[in-house]
Amino acid sequence: MANTPDYHWPPMDKRRVMGKRISRLDGIAKSTGAAKYNSDLKPDGMLYGALLSSPYAHAKVKSVDTSAAEKLPGVTAVRVVAPAGTELQWAGAEIAYLAARTEEIANDAVRLIKVDYEVLPHLVNEEDLSKVGNRARPSGEQVTGDTEKAFQEADAIVEGNYGIPVITHCCLEPHGQTIAINGDKAEYWPSTQNVYGIAGDIGRALSIPVANVHVHMDYMGGGFGSKFPADAWGIQSAQLSKESGGKPVKLFLDRATELTIAGNRPSVFSKVKVAGKKDGTLTAWQSETWSTGGVGGGGLTAGQLFPYVFLGVPNRRLNHTAVSTNTAASRAWRAPNHPQVCYITCSALEDLAAKLNMDPLDFFVKNIGYAPEARREIYKYQFQKAAELMDWKKNWHPRGDSAQGPVKRGLGLALSTWGGAGHASTCKTTIHPDASVEVELATQDLGTGTRTMVAMIAAETFGLPLSAIKVKLGDNSYPNSGGSGGSTTIGGVTSSTRKAAVNALQKLFETVAASLSVTPDDLEAVDGRISVKGNPEKGMSFQMACQKLGVNSISEMGANVPQQAPQEGLNTGGVAGVQMADVSVDIETGIVRMNRLVAVQDCGLVVNPKTAESQVFGACIMSVCGALMEERIMDQQIGRVLNPDMEFYKLAGIGDIGEILVHMDIREENDKRGVIGLGEPCAIGGIAAIGNAVANAIGVRVQRVPLTPMRVLSALEGRTA
Amino acid sequence: MQNFEYASPTTLHDALALLASKWGETDVLAGGTDEISLMKDFLHTPKRVVNIKGVKELGGIGRTAQGLRIGATATFDELASNASIHSEYPSLHSAVMGVTSPQIRNMGTAGGDLCQRPRCWYFRRGFGLLGMQDGKSLVPNGDNRYHSIFGNGPAYFVNPSSLAPALIALGAKVKLVSPSGQRVVPLEKFFVSPQSESTRETALLPNEILTEIEVPAARGIKNATYEVRHKEALDWPLVTASVALQMSGSTVGQAHVVLGHVAPTPWVATEAQSALVGKALSPDVIEQAAKAAVAGAQPLSGNSYKVKLAIVAVKRALLEASGRA
Ligand SMILES: Cc1cc2nc3c(=O)[nH]c(=O)nc-3n(C[C@H](O)[C@H](O)[C@H](O)COP(=O)(O)OP(=O)(O)OC[C@H]3O[C@@H](n4cnc5c(N)ncnc54)[C@H](O)[C@@H]3O)c2cc1C
């Protein structure tokens, strides 16, 4: 190749596919049910897996007797994973897995397994730090500046307790897989965020070459950070298949198990003290925080992240304690640490603004200088835009709606940030002589629209309609494109696709340049034609160009290498977002109703505004759930989750979400930063904004979310909930 | 779920013959929206399941000389679209509409709603109707945010039916038929607060079928239901109040005030009723009656908010009823 091809994104005004509101390619298949999820599959001869789990939060296994289960006709294999002597650390911890011909037999067999336990003392609740005894693991104090002095010199100080509980991922499609092991080969259909990497878990566990583990996943029903490893259920199902003559074994967790052991977001509780000046300058932040993410403690870093985007505040004193509880381990949850840290920070700052008799909008803007420099101006713009959409200046009132009647209205706001630079990704693009184009990469479409984004980038690059592009993903025989975590997917896959497509196109240019008596660099691909730049008449159809390939296709690779990406400019990281909530609270019932949630979100170059908005809509709905309804409720007496079901693990329905107004912050200066991930940043600020809106409506702070009638009424009564 | 024999008789006679006289042996299956969950969770492990949806005589809703007959297998959807219920029993209509899931409305039946088991999370996790561990109820020291505020144990669950308070306020009776005969029981008496783990929360006998609900005519009776529900989407009410007021002139002649989700049975608020009788429905009277409704309430450690909700529910139900012709 003569010189490095130009991978840059076309300028905004030259794009024909990117930046357009394109409906996701698999939308129809998904909404009609034609799309088959791995949990829908039923390969021939499939066996059903089932598991036995601990009813105790903390116990030692004294003995496990599987003989009756093994004898049950139809049971093909039984595996004990917690043999005598094992210390079980949470209710729901797995003890045995088995496979059987039917689901019914499998479940019956599980009940035939006899386990003797030595029950040990447990702790499952962390909200009251004084009751956790030796389970507290303080991580040491972090001090910046002089908080004592700042408090002495402050014009206003507020102290508050804020709490945000453990919630679960509650994936619509539960964790699980179907897997078949034959000899040293595996066919594996998991529900995963990690199509390429997950094969390694199976390969290692079964001592078979990773290259022999074939992973398939066309669609998946939600992961939110909880679906990276193969997990015990994957590995044990593989072993069960192996022990059952290689028949596929299907095991997807039931709802109760899904909510109990398949991941959760750590809690954070806090005592916060903040100080400010009359003019609204924040001068000091002090927080004592504690949290649990299971036996390991967890949530450790959360304590170090205060006061969130205002890290530049000169005086800070931070103390964090991880609490080890006998509950299942936490997993990454859509923006790890951020919703919690944002909620506590924005609540305390809004309380300070209220004490200073300031509009929080002015207060937050006033202190935006404490935010990283790169984002200050973006935040200011976004606050203004969100305020416009909310008609903030007209609708905001000081704390406590003075309107007559029991229904009080209030506004609240929050701001958020995230990284989201593209992960390492490789992509193969093939142009066939019949002019069909294939793009292959071992990524996954979690429902975010990855398939559609890849097709759009290829279509843009080749100057072809979307329908001309065949995207192949969800299969680990394609080039590695990394797991989908940290909102890194879109940056990774769009960059690698762009580069692979540009490379392939370059080869096509080289093939046809001579016949047009120009050099490859003189050519461009626009509107289904390969033609000479500045002279569109001189050229040929893409079809015709491909015919010149004879019997050979062009296959080119493209890679996103995170270290190089910033120079290339295809993707970067670091985004800003602002959320504003408008709520009505019935102070007689304590019920909070959403009127409107506004989200203004930047994510650099927005590949498809429509699917981007969809991401934000989904995140806003999650925020409503987290703010108003969602919590894992543990009982200290029995050590178990009381609400591992869809009745009392409450989630919002359509009638609960109110109006959601999303504004993607699409501007030239943001676009120049390249593509940045979006899944997580938009799921951060909503809870804080809603909490603040409720405080604004009713005139008092409800200390912890979710803001249920119980807590709202208690707060109104002046008690803590 | 434990294996079971399935029977789908077409006559009441055959259905009754298939039922055993001991709990645990057989179960009636109506819409199955609760029964199937109970079986999946091994809370019910019947050896035989008797589907009653094929029994024609148990269905339908119709006017009678006395008022309204609701067949046990009439679905929520049939109740919701019934014109008489809509116009004459707005209290019942709004209780029906409170169950917002189309799936449950299509499958769930009136009889099933009255016979469904409590949703207490200790019961549903296998700790028995009274939620006992080591001879002690788990509720008082546990998470009792959704539990009873009346009744003082040993049962602390709340009656889950949202039709029952409306129907009791309207003076409904249920017909219970067994192989040895039939009895008609005022709905209020149908529900009992179990005193031991071996008793049930209704008067229903194992070999009885609830065949129909008789609702007296309500023309001229001001009636309304107010439910406090956290969510708009399918959710259990936190507290409900149903009222039915027989006016004599401009004052209340007879009053029925029944709370739901506050006790192991629908809770007849007698003091609220007394506070209304003989009075005109002024805001003050309504306020006083609402407060009287929670006389004797004994909230648990985590549910005193429900006392407030009960007051509000009664107040709002009365306000709504008082606005009706
Ligand atoms: C998430 C959720 C929310 C809900 N919210 C509400 C609510 O707000 N308010 C409300 O009232 N309900 C609510 N329901 C419950 C629903 O209304 C009941 O499950 C339904 O009414 C039961 O009727 P069914 O016909 O399906 O009964 P089934 O499930 O068939 O039976 C329930 C029980 O009653 C017995 N039974 C049924 N019919 C008879 C009969 N005729 N004679 C004798 N025994 C009988 C059965 O043996 C079984 O034990 C909710 C349910 C869910 C899952």
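This is a predicted model: local features need pLDDT of at least 70, side-chain atom pairs count only at pLDDT 80 or more; totals for chains, interfaces and linings use all residues.

## Terms and conventions

A residue is called buried when its relative accessible area is under 20%, exposed when it is over 50%, and partly exposed in between (1.4 Å probe, protein chains only).

Residues are numbered from 1 along each chain as its sequence is written, chains are lettered from A and ligands numbered from 1 in the order in which they are written, and side-chain values use heavy atoms, leaving out hydrogens and water.

## Chain A overall

Chain A holds 19 helices and 30 strands (DSSP runs numbered from the N terminus: H or I of at least four residues for helices, E of at least two for strands). Its radius of gyration is 28 Å, close to the 27 Å from the globule rule for 721 residues, so chain A is as compact as a globular protein of that length. Here the radius is taken over C-alpha atoms, and the rule is 2.2 Å times the number of residues to the power 0.38. The C-alpha trace of chain A spans about 80 × 75 × 45 Å along its principal axes.

## A look at B:D143

B:D143 sits in the loop between β7 (136-137) and α9 (163-169) of chain B. With a relative accessible area of 16%, B:D143 is buried. Beyond its neighbours within four places in sequence, B:D143 is in contact (heavy atoms within 4.5 Å) with A:I633, A:D635, A:L642, B:W121 and B:Y122.
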